[in-house]
Amino acid sequence: QAVAALVNTWMGTLRSVQKLTMSESSLSVEFVIDKIAEQVQESVNTRMQRRAMREQLEAMRPAQTPQTPGESGEKGADSGKKKDPHAGKAAPERFRDNMKAQQEFMMLTHQEEAIKARLKELRAELGIEADEDDIAALRNKIETLNMSEEAKKKALKELNRLEDMNPQAQEASVITTYLDRLTSVPWNEFSVVNSDIELAEDTLNTSHYGMDEVKEAILDRIAVMNQTGKPSGTILCLAGPPGVGKTSIAKGIAEATGRKYARIALGGVSDESEIRGHRVTYVGAKQGRIIDAMIDAGTSNPLVTLDEIDKLLSGSMRGDPESALLEVLDPEQNNSFKDHYLGVDYDLSNVMFICTANDLSRIPGPLRDRMEIINLPGYLDEEKLEIAKRYLVPKRMERNGLTEDHIEFTDDAIK
């Protein structure tokens, strides 16, 4: 009855608040509903606590022993003391009392559930109810993904906070965005890596002409990976002038090894947060480019190209991106790379990194020590002619809808 009276009182207040203007009503109605839930929960908890205390006291009270005739004098002496109403009760009476207490507890629990259901209906009518389907989908996704224990624990903690939070609160959208990005990262999802060296060699020869030194180094890497199961410690760095095919050969390596391909353009990057990500507390925070590349690839063992690594800008007030890359490229550290936005460790040891650069003198010494430099000089005239005949001319003809029946190119014309 007390709970019902409390709900009726706040319902009257709610009806009064609904008469306010629309600009004031949304906040006031939300405030009233929160107050209803808070005071109803407090009332129910207080009653349950009192009932539990009474049951504990009864359990601690010693059992009443039968009185003998010789104790009549003591009875008269203790007649002035207050008697326990439960003293001397038989077992059936105590059983009935316990059953009554359990019934009252169940009734209070039922009332609490009914009030919560009514509050849920009010939130739905006012359009401020959280979408339970989205929360259930997120919970199912977290449980399904093969996340690390640290990541799963943090994700469930944030999801429980979101479930108990007002969906119109600003922090609710921040948590929702965080969980969407955390569950979008590939956790222990691997693509099948090609271990056939002959097939990899045929793929490289089909997609690129020449570059024998580069192909030999790549095939050596594939042979080492077949033995160890992971990329080798050093990082390939393709160095050469613009236009020699550094980025395209990286794509060819990804195709030859059967890995997903992702590219990170590092030219002009001067902020460490571009690599490690921003902390969640900042407005507009997001993950760094490394985690972005993993999300784009969709697997935990892609081939990631760090394009134009020699054009990183150091000495900025916003951190040193070159130092952040040291952790990414170091095989002793990248198995526990921590993005500031995610706040949990992520394993990059299965990623195959390939760097490209135009000027090796602009790469810091600590970074160069982790790389195996492969120089790509300019092409000879004969090589340029073969590249044009095999790749450039057919692409142009296909783009313009032409076939060999429409036009024919001679070597002199191409030269």
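**Aromatic pairs and a buried isoleucine**

The structure holds 2 aromatic pairs, where rings of Phe, Tyr and Trp (its six-membered ring) pair if their centres lie within 6.5 Å, and planes under 30 degrees apart count as stacked, over 60 as edge-to-face and the rest as tilted. This is a predicted model, in which local features need pLDDT of at least 70 and side-chain atom pairs count only at pLDDT 80 or more, while totals for chains, interfaces and linings use all residues. Residues are numbered from 1 along each chain as its sequence is written, and side-chain values use heavy atoms, with hydrogens and water left out.

Student: What is the angle between the planes of Tyr178 and Tyr341?

Tutor: These two residues form an aromatic pair with 5.6 Å from centre to centre. The pair is classed as tilted, and the angle between its planes is 55°.

Student: How many residues apart in sequence are the parts that Trp187 and Tyr346 tie together?

Tutor: Trp187 and Tyr346 form an edge-to-face pair, 5.3 Å centre to centre with 75° between the planes. Trp187 lies in the loop between α7 and α8 (197–207) and Tyr346 in strand β5, so the parts tied together are separated in sequence by 159 residues.

Student: Is Ile354 buried or exposed?

Tutor: Ile354 is found in strand β6 (residues 352–357), strands being DSSP runs of E with at least two residues, and helices runs of H or I with at least four, numbered from the N terminus. Buried means under 20% relative accessible area, exposed over 50% and partly exposed in between (1.4 Å probe, protein chains only). Because its relative accessibility is 0%, Ile354 counts as buried.
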